[in-house]
Amino acid sequence: MTHAMQKGSNIPVTSVAVRAVLRWTGGPEVPDVDASALLVGPDGRVRSDEDFVFYNQPRHPSGSVWRLGKKQIGEAVTDAVQADLRAVPAVVDRILVVASAEDVPFERVRDLRILLYDATAAGASEPVAYFDVRPETGAETALICGELYRRGEGWKFRALGEGYSDGLVGLATDHGISVDENASEAASDGASASASAAGPTSEQTAAMHPPTPPAPRQPPTPQTQAPPAAQPAYGYPQPVSPAPVPAPGGDPAFRLPVQGPQFVRR
């Protein structure tokens with residue numbers, strides 16, 4: 001039986017492994033949505049940045065939570081995370097399932113729904129539960145759609161729909177993630193610097209330096225014909241020296257990793 005959940009409601013989770021699927025209707029004006037997960041303690045905060053599973057860090061070090069990636073099913077698009085509840089570290093109290101869109105409000109995301117499946121080998125194809133996620137203001141760019149949380153010796157799932165207007169950065173920071181907020185600006189600056197380093201285009205160069213008229217032709221000067229070049233032995237071509245490899249330069253687009261999650265796709 002599939003439970004149609006309301007905001008704030010919860011159900012017991014009887015499976016040892018579950019799959020949380022975000023589904024929405026795609027289209028030309030619909031932003032791309034990403035699923036991610038945060039593993040937090042009783043205080044609602046992560047122990048370290050490793051407790052954040054997202055597109056640049058798709059698997060938790062414990063192996064208990066990982067991303068499955070996107071799928072297109074007709075007009076619907078899905079992204080999902082899966083959890084082996086037996087392998088979740090004991091210090092983790094909750095697993096937050098998050099939807100985010102890069103700088104685009106969720107008012108433009110149609111039919112957003114989170115579906116919870118039994119992910120064991122004998123799991124049914126029908127979802128255990130689903131929740132239609134509706135942003136409160138429409139200006140949110142990140143949403144906590146639901147959470148898996150411990151209750152005694154077992155687990156439960158709660159439908160949430162809590163939004164953040166400052167996106168994945170604001171949501172992650174609120175739960176103790178050390179975010180490199182300059183990563184996006186650094187990538188943008190690097191791309192601009194690369195374009196500047198490339199110099200003017202051929203059209204701009206032609207406009208700045210008009211072509212020089214050809215010099216008048218001079219009568220040929222008699223020269224002694226050079227002897228024919230030596231032919232390679234046995235018809236094999238002479239070895240060609242490889243072109244010199246340019247020394248690595250200061251490419252402004254290349255940057256060393258910066259501490260903290262970077263919300264720039266790589």
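## Strand 8 and its partners

In this model, which is predicted, Trp66 stands opposite Gln82 of strand 8. The pairing behind that position joins strand 6 (residues 65-67) to strand 8 through 3 bridges, with the two strands running antiparallel. Strand 7 (residues 71-73) is likewise antiparallel to strand 8 and is joined to it by 3 bridges, and within that pairing Gln72 has Val77 as its bridge partner. The hairpin of strand 7 and strand 8 has 2 residues between the strands, and in it Gly74 takes a positive phi near 65 degrees. A further pairing links strand 3 (residues 17-25) with strand 8, in the antiparallel sense and over 9 bridges; here Val18 is found opposite Ala83.

How many residues of strand 8 are buried? For strand 8 (residues 76-84) the count is 9 of the 9, so the strand is largely enclosed by the rest of the structure. In a regular strand, side chains alternate between the two faces of the sheet. In strand 8, Ala76, Thr78, Ala80, Gln82 and Asp84 point one way, while Val77, Asp79, Val81 and Ala83 point the other way, and all of these residues are buried.

An open sheet is formed by 6 strands in the order 2-13-12-9-4-5, and its pairing is antiparallel. Strand 2 (10-13) and strand 5 stand at the edges with a single partner strand each, so one side of each is left without a neighbour in the sheet. Strand 2 is paired with strand 13 in the antiparallel sense over 4 bridges, and Ile11 stands opposite Phe157 of strand 13.

Helix 1 lies across strand 4, strand 5, strand 9, strand 12 and strand 13, and runs at about 30 degrees to strand 12. The buried residues of helix 1 (residues 167-174) are Gly167, Leu168, Gly170, Leu171 and Ala172, and these pack against strand 4 (33-40), strand 5 (52-53), strand 9 (94-101), strand 12 (142-151) and strand 13 (154-164). After helix 1 comes Gly176, with a positive phi near 90 degrees.

In soluble globular proteins, nonpolar side chains tend to be buried together. The largest nonpolar core here has 39 residues, and of these Ile95, Ile114 and Leu148 touch the most other members. Apart from that core lies another, of 17 residues, among them Val46, Phe52, Ile144 and Ile177.

The surroundings of Leu148 include residues of several kinds: not counting residues up to four places away in sequence, Leu148 touches Val13, Val18, Leu85, Asp93, Arg94, Ile95, Leu116, Trp155, Lys156 and Phe157.

Asp111 lies in strand 10 and has a positive phi of about 60 degrees although it is not a glycine. At 56% relative accessibility, Asp111 counts as exposed.

Ala119 lies in the loop between strand 10 (110-118) and strand 11 (129-132) and, at 17% relative accessibility, counts as buried because the cut-off for that term is under 20%. Beyond its neighbours within four places in sequence, Ala119 is in contact with Ser15, Ala17, Val18, Arg19 and Gln82. The C-alpha atoms of Ala119 and Val16 are separated by 8.0 Å, although these residues are 103 residues apart along the chain.

## Aromatic rings and charges

A search of the whole structure finds 2 aromatic pairs. One of these is the stacked pair of Phe52 and Phe54, with 4.6 Å centre to centre and 10 degrees between the planes. Both Phe52 and Phe54 are buried, and together with Tyr55 they form one aromatic cluster.

Charged side chains also lie over rings at two places described here: Arg59 lies over the face of Trp66, at 4.7 Å from the ring centre, and the charged end of Arg158 sits over the ring of Tyr149, 4.2 Å from its centre.

Note on methods: Residues numbered from 1 in each chain as written. Predicted model: local features only at pLDDT ≥ 70, side-chain atom pairs only at ≥ 80, totals over all residues. Heavy atoms only, no water. Buried < 20%, exposed > 50% of the residue type's maximum accessible area, 1.4 Å probe, protein only. Pairing = 2+ DSSP bridges. Contact = heavy atoms within 4.5 Å. Core = buried A, V, L, I, M, F, W, Y, C linked by side-chain atoms within 4.5 Å. Axes fitted to C-alpha atoms, helices over the stretch in contact; angles between N-to-C directions. Phe/Tyr/Trp six-rings, centres within 6.5 Å; stacked < 30°, edge-to-face > 60°. Lys NZ or Arg CZ within 6 Å of the ring centre and 35° of its normal.
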